Amino acid sequence: QQHYEALVLENVRRHVTALLWQRGIRAGDRVAICMPKSVEMVLAMLAIARLGAIFVPINPASVGAQIQHIVQDCQARLLICDAIRQDRYLTAAPFNDEPQAPVSAAEIWVLDLQPVLAQARVNASSIPTVASPIPQSATAAYSQHDVVDEDPQVAALAPQLSDIAALLYTSGSTCKPKGVVLSQHNLLLGALSVSQYLALSATDR
């Protein structure tokens, strides 16, 4: 099951990466993400990072003016959100009974990966589970056969540890939100630090 889930998520990540590439997202571009914590959000961040672009997470509880400030300040080429927030951002629908101004971004993209995830699970349904282990060499061959190929131009990309990976904005409780720059190396060290501190292993959930 571990191998199955990893393969499914990697294939969907490649799918999102391809869609971003087709939309013209390139290394150094800022892509804002405003949606609840979800599989879609994680895969979007990984897909953006794969292209060497910069993801800018925005608190989904933010109101239009806050989102507009961040989108403009970081010069985001794309704002990724879910359907609920798209209606709020594009139509300026009231939020908590307060009028909102519509968010203006270069492009707003609703990311719904549930149909893609479902199809990916179907495509990977024949992959052996942990309950029926297979030799390591066979696992490698199976993985290489079933992982979706990346576009050659995308496959040739090689983001560096020193590259900017993310812009994290402050809450803006005392003034306008300000962006904090994080490199690929910063994110890698942060992930390693948390995994070591919590003593995480491959069997943890």
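**A chat about salt bridges and cores**

Visitor: What does Arg50 form a salt bridge with?
Guide: In this predicted model, Arg50 forms a salt bridge with Glu150, and the closest N and O atoms are 3.4 Å apart. The pair links distant parts of the chain, since Arg50 sits in helix H2 while Glu150 belongs to the loop between helix H6 (136–146) and helix H7 (152–155), 100 residues apart.

Visitor: Are those two buried or exposed?
Guide: Both Arg50 and Glu150 are buried.

Visitor: Which residues are in the network with them?
Guide: Through salt bridges that share partners, Glu10, Arg13, Arg14, Arg50 and Glu150 are joined into one network. Within it, Glu10 pairs with Arg14, with the closest N and O atoms 2.8 Å apart, and these two are separated by about one helical turn because they are 4 residues apart in helix H1.

Visitor: How many salt bridges does the structure hold?
Guide: It holds 5 salt bridges. One of them joins Asp29 to Arg77, with the closest N and O atoms 3.1 Å apart. Asp29 lies in the loop between H1 and S1 and Arg77 in the loop between helix H3 (64–73) and S3, so this pair ties together parts 48 residues apart in sequence.

Visitor: New topic: which residues have the most contacts inside the largest nonpolar core?
Guide: They are Leu20, Ile48 and Ile80, in a core of 26 residues. Helix H1 (2–22), strand S1 (30–34), helix H2 (39–50) and strand S3 (78–81) each supply at least two residues of this core. Apart from it lies another core, of 15 residues, including Val56 and Ile108.

Note on methods: Residues are numbered from 1 along each chain as its sequence is written. This is a predicted model: local features need pLDDT of at least 70, side-chain atom pairs count only at pLDDT 80 or more; totals for chains, interfaces and linings use all residues. Side-chain values use heavy atoms; hydrogens and water are left out. A nonpolar core is a set of buried Ala, Val, Leu, Ile, Met, Phe, Trp, Tyr and Cys residues joined through side-chain atoms within 4.5 Å. Buried means under 20% relative accessible area, exposed over 50%, partly exposed in between (1.4 Å probe, protein chains only). A salt bridge is a side-chain nitrogen of Lys or Arg within 4 Å of a carboxyl oxygen of Asp or Glu.
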